[in-house]
Amino acid sequence: MKVKWRSGNGKPTTMESVLVELRAHVAANGRIYIGTDSYIDKSRCAFATAICLHGADGQSGGKYFFRKVYLNRQNFPSLVQRILREVQDSIEIALTISEKLPTARIELHLDVSPSNKENGTSKISEMVTGYAKSSGFECKIKPEAWASQSVADKHSK
């Protein structure tokens, strides 16, 4: 399946073009933040993954790229399965980027609540943060997970 990437303004781009931007961003000491969010409608589940660039030398504001993938809703009968897919998508993108740019500082933003809260994702918070960390990436969860909670969320609907 060929996945289409878009810049933050919605213009189509390619992963190769995104990597060119990432290479320059990393060379300017910028960090890369990756987050995925999902949204279910009647027959399908949309997964939006955002690659956010922030904190480079001389950069004011940020820049991001996103992709949106639709899968059959029946493949995700529970919240746990959907969240695991979100985390898996973020990890896969992060691994792809780290293969091409080994010096990149990548942080994953997971759309889960802390384990001490009583939200639907609280019970799997430690499991998915462990999954992300064991894949070699730093990660943040709500309320600090802005790449998933704000940027990816905007495009999952």
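Buried means under 20% relative accessible area, exposed means over 50%, and partly exposed lies in between (1.4 Å probe, protein chains only). The model is predicted: local features need pLDDT of at least 70, side-chain atom pairs count only at pLDDT 80 or more, and totals for chains, interfaces and linings use all residues. Residues are numbered from 1 along each chain as its sequence is written, and side-chain values use heavy atoms, with hydrogens and water left out.

**Salt bridges**

A salt bridge is a side-chain nitrogen of Lys or Arg within 4 Å of a carboxyl oxygen of Asp or Glu.

| Pair | N to O distance |
|---|---|
| Asp-41 and Arg-44 | 3.6 Å |
| Arg-85 and Asp-89 | 2.8 Å |
| Lys-157 and Asp-153 | 2.5 Å |

Asp-41 is partly exposed at 31%, and Arg-44 is partly exposed at 35%. Arg-85 is partly exposed at 23%, whereas Asp-89 is buried at 2%. Arg-85 and Asp-89 lie 4 residues apart in helix H2 (residues 79-100), so about one helical turn separates them. Lys-157 is exposed at 52%, while Asp-153 is partly exposed at 24%. A network of salt bridges links Arg-31, Glu-107 and Glu-138.

**Helix H4**

Helices (H or I, at least four residues) and strands (E, at least two) are DSSP runs, numbered from the N terminus. In helix H4 (residues 146-156), the buried residues are Ala-147, Ser-148, Val-151, Ala-152, His-155 and Ser-156. These residues are on the same side of H4 because they cover an arc of only 140° around the axis, taken from the directions from the helix axis to the C-beta atoms. The buried residues of H4 pack against strands E3 (31-40), E4 (44-54), E5 (62-72) and E6 (105-109), where contact means heavy atoms within 4.5 Å.
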